[in-house]
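Thanks for coming, everyone. Please have the sequence and the 3D view open while I talk.

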Amino acid sequence: MDDQIKISVKSANFFYGSQQALHEVNISIRRCFVTALIGPSGCGKSTFLRALNRMNDLIPGTRLEGRVELDGQDVYSSSMDVIQLRRRVGMIFQRSNPFPMSIYENVAYGPRVNGLMKNRAELDVTVEKTLRSAALWDEVKDRLARSAMSLSGGQQQRLCIARALAVEPEVLLMDEPASALDPISTAKVEELIYELKRTYTIVIVTHNMQQAARVSDETGFFLNGRLVEFAETKKLFTAPAKRETEDYITGRFG
Amino acid sequence: MRRMVDRTFVAMTLAATLVILAMIAIILGNVVIHGRDRLSWEFLTAAPEQGMMAGGIFPAIYGTVLLVFLMSIVAVPFGVLVAIYFAEYARAESRLYRWTRMAVNNLAGVPSIVFGLFGLGFFIQTIGHGIDQVLYPGYLVYGQPSVLWAAMTMAVLTLPVVIITVEETMRAVPQEYREASLALGATRLQTILRVILPQAWSGVMTGAILAISRGAGEVAPVLFTGAAYFLPQLPTRANEQFMHLGYHIYAMSTQSPDVEATKPILYSTVFVLLVLTFLLNLTAILIRNRMRRWTTR
Amino acid sequence: MKGNSRIGAENGVGKMESAPSRHADNTAADDPATEGQTPFSRPLFPPQSAVRNRIDRLGELFISAVAFVVIAIIFLIFIYVAREAAPLAWRTIDGISIWSPLQTPYTWQPVGGVPKFNILPLIVGTLKVTLIAMLLATPLALAAALYTAEFAPPSLREWIKPAVEVLAGIPSVVIGFFVLIVLASWLQDAFGFQFRLNALSAGIGLAFAVIPLIYTVSEDALTSVPKLYREASLALGASKPQTAVRVVLPAASPGIFAALVLGFGRAIGETMIVLLASGNASMLSLSPFVPVRTLSATIASELGEVVFGGGHYRVLFLIGVVLFLITSLLNWIGARYNRRLRQRLSGAA
Ligand SMILES: Nc1ncnc2c1ncn2[C@@H]1O[C@H](COP(=O)(O)OP(=O)(O)O)[C@@H](O)[C@H]1O
Ligand SMILES: [Mg+2]
């Protein structure tokens, strides 16, 4: 297998009950790349993303056919430890959802449940480190004990990123992480993504094509549950190979 | 003309509201006016004397508190566990869930006297007698009315209150929090214990208080399961009978040889029971209102 | 490569990653070559999640097991009450059989030379008291619910609801006591009844108990009607009361019906109020001014004195079964109509 490939999906079909949401999706997501997924809403981007860390298991009656591999390992095999999988593959949601706890407790939650830290001092170090990597430390260092709900929307989303980073994941899945944010906060999150890709493999769903063009190395275009085109971002936006892709990026639908 | 009709209509609904509020005020006022004469520290701490015509009601207060205490250490934990099962593990669309949930709902509306029958038939005649046959052959130890069986009966009666309140608050916790926690590599149990339950805490509190208030006020279930009119001594064992505020009121108003003479004590007993249940319910209502504001924000 | 076990998988990943790669992954943190690029230089996590998973499964098992036991007990309630009554179905005990409650004469007289166990007087008594309570409670509770939901200023509304809920919190023995000691005398003085305690006094007492229930359920139903309905009607020039009566009330009607059914169920089974306030004598009469005895009060006042396992004992359990079935049926109907209301409003909105 290819060392450059972090996640590989082979002829994946996904069903919500009898309704099929993904059709024969094949994709290879490269290590330490930012991979963007674009497409009109309802085309299956979130479904695809949530299939990667088996978040869809939580919805009763869903089923995946085909194969999803993380470092060559079958994600859906019965020997896969789903809890560990989700620890390794972190997720950032569209609506920022910090727990109604203090800022500190939010970041410390993951390490705590995963039993990563031996003592409080170690935990303090981790919390500071992750808040720094999420570019939030300077803004919150004086109010770690305050409720996370007191933060602004953009800060909350970066806190969620910090929370995800604290369990030392390998992959970050982001489902429209900036869609609910103002332009300044969006810019901060994008900057952060750019920083993070040095260490993490990132898959980001966005409905904003400029954003995809700005942050990603490779881009996939989804339409009606199919991966229509997958290419280097620059190529996909300047010289799309498929007619549907061109129609979409030139704004003819969606 | 139309405005007249409209106004009269609104005035009538207002009048109905006032009638209801007046009814409450009359009951409470009457009890407060007549009940406070007799009330004293001694009344609360002394035992009855001269066939209930003198002394206090301490044994009844003690018995009620004991009953409610035993009841809640059973009803609250079990109710919370069932609520966790319903809200977090059971499939909401499964037939099993719908049926069991309906049974719990129905139980909340079954008359309390039926629970009294159940307590007698199940706890005393079946469980209690069973224990006696195995452990104390030939003796009557657990196969008779007692504070233990009254508390168990009351626990079954109040279980639905706890289950329904706690399940409701757990379901009100947004799904996003569950997903966020699981996406961080937490197990389901960790998610429930560390994220969901802390947010449903107000529900647990409300459920517990509603159960306690109900347990303190209901009389029908303890009529045959353990309440006694007069006992010379406080119960010290689980298989002894107990005195109960509500039962005391019932018995004093119907069985006293001289109702006029017992009236002041009777009123004061009612006053004590009212204050107790009123405070409990007020707390529950306040917690729930605060919680509602908190969840809708 | 395939991950065979969780532990093997973790280790395998770590080794594989140590191959030189431009895109260093942080799982390779144990490889000195890539250190510094990762935010954490600690070794990989101990693969302790097997323990955690086991605890998780045990927790689920424990919670489910407890839930099933508790639910089993819930179903046992009916079974155990019915079990004590059941022997009447196949044999005659103390001259009493399952048919005794239906046999003439129409008298319930458990003590005496020839005990009589016809429950007709009890049923008539129960219905009489319940009907009186419903006739008194329904208009009051519905009008108050209308006022609270439609006309009251918001600041007042916040006070009325908890105030009525206080009534719901008054123990029924206290209401019974109040009727017995105070209200019944007032009524007798005012109307000169022959019997101080009668069906009317018990019915008034019961009304106190069902008003908060009818009020709460129907107020919920009224407030669940979408604002859109009201706005549409008001925009057409209807007044607030017209809107309330012609638009909101019909839209909420399944919920109001549910409130009445649930109130009825509550009244039928209520024990302590009727026990104290009805006079507790089983006379077969339709007059609201004579003492009555209800099904629930009969159980309450007689079970303490019967011989365990005897015919009289079993007849009382049989009455319990009847009460259980009637109230269950009413609860079920009430829940159905409440669900219908929610479906109707969510379908239309
Ligand atoms: N929980 C669900 N149950 C059933 N169908 C769903 C569910 N979530 C999404 N879908 C359907 O799957 C398709 C893809 O949805 P989604 O992955 O959310 O699209 P996107 O994120 O691209 O907007 C849509 O047609 C949607 O209706
Ligand atoms: Mg989406």
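This is a predicted model: local features need pLDDT of at least 70, side-chain atom pairs count only at pLDDT 80 or more; totals for chains, interfaces and linings use all residues.

Let's start with ligand 1. Which residues surround ligand 1? Take the stretch from chain A that reads A:S41, A:G42, A:C43, A:G44, A:K45, A:S46 and A:T47.

Six of its residues are polar, four are nonpolar and one is charged. Strand 2 of chain A, residues 19–30, supplies at least two residues. So does helix 1 of chain A, residues 45–52. Which element gives the most? Helix 1 of chain A does, with three residues.

Next, some distances. Zoom in on the oxygen atoms of ligand 1. A polar side-chain atom of A:T47 lies 2.4 Å from one oxygen atom of the ligand. A polar backbone atom of A:G42 is 2.6 Å from an oxygen atom of ligand 1. For A:K45, look at the backbone again: an N or O atom there lies 2.9 Å from a ligand oxygen. How much of ligand 1 does the protein cover? On its own, ligand 1 has 550 Å² of accessible area, and the protein covers 62% of that.

Zoom out now, to the largest nonpolar core. It holds 232 residues. Which of them touch the most other members? The answer is A:F48, B:I113, B:L223, C:V173 and C:L303. Helix 3 of chain B, residues 58–89, provides the largest share of this core, with 17 residues. Chain B also contributes by domain. Domain 1, residues 1–35, and domain 2, residues 41–295, each give the core at least three residues.

That brings us to chain B as a whole. How many helices and strands does chain B have? There are 11 helices and two strands. Along the sequence, the order is α-α-β-β-α-α-α-α-α-α-α-α-α. Its C-alpha atoms fill a box of roughly 80 × 70 × 35 Å along the principal axes. Chain B has 297 residues, and 57% of them count as buried.

Now the single residues. I'll stay with chain B. B:I124 sits in helix 5, residues 112–135. Is B:I124 buried or exposed? B:I124 counts as buried because its relative accessible area is 1%, and buried means under 20%. B:I124 and B:G143 are 19 residues apart in sequence, and their C-alpha atoms are 5.0 Å apart.

Move on to B:P137, in the loop between helix 5 and helix 6 of chain B. B:P137 has 54% relative accessibility, so it counts as exposed, since exposed means over 50%. Compare positions with B:V31: 106 residues apart in sequence, and 49 Å apart in space, C-alpha to C-alpha.

B:P232 is in another loop, between helix 9, residues 201–217, and helix 10, residues 245–255. At 73% relative accessibility, B:P232 counts as exposed. B:P232 and B:P48 are 184 residues apart in sequence, with C-alpha atoms 9.1 Å apart.

Over to chain C, briefly. C:I96 lies in the loop between helix 3, residues 87–90, and strand 1, residues 108–109. C:I96 counts as buried, at 3% relative accessibility. Where is C:R314 relative to C:I96? Along the chain, 218 residues separate the two, and their C-alpha atoms are 9.0 Å apart.

Last stop, back in chain A, for two backbone angles. A:D71 has a phi near 50°, which is positive in a residue other than glycine. Find A:D71 in the loop between strand 4, residues 62–70, and strand 5, residues 73–74. At 0% relative accessibility, A:D71 is buried. A:E176 has a positive phi too, near 45°, and is not glycine. A:E176 belongs to the loop between strand 7, residues 171–175, and helix 7, residues 183–196. Why does A:E176 count as buried? Because its relative accessibility is 12%, and the cut-off is under 20%.

That's the tour. Questions, please.

Methods
Residues are numbered from 1 along each chain as its sequence is written. Chains are lettered from A and ligands numbered from 1 in the order in which they are written. Side-chain values use heavy atoms; hydrogens and water are left out. A residue is near a molecule or strand if one of its heavy atoms lies within 4 Å of it. A polar contact is a pair of N or O atoms within 3.5 Å; within protein, one must be able to donate a hydrogen and the other to accept it, and residues adjacent in sequence count only if both atoms are side-chain atoms. Accessible areas come from the Shrake-Rupley method with a 1.4 Å probe; for residues, only the protein chains shown count as cover. Helices (H or I, at least four residues) and strands (E, at least two) are DSSP runs, numbered from the N terminus. Ala, Val, Leu, Ile, Met, Phe, Trp, Tyr, Cys and Pro count as nonpolar, Asp, Glu, Lys and Arg as charged, and the others, Gly among them, as polar. A nonpolar core is a set of buried Ala, Val, Leu, Ile, Met, Phe, Trp, Tyr and Cys residues joined through side-chain atoms within 4.5 Å. Buried means under 20% relative accessible area, exposed over 50%, partly exposed in between (1.4 Å probe, protein chains only). Domain bounds come from an automatic or database domain assignment.
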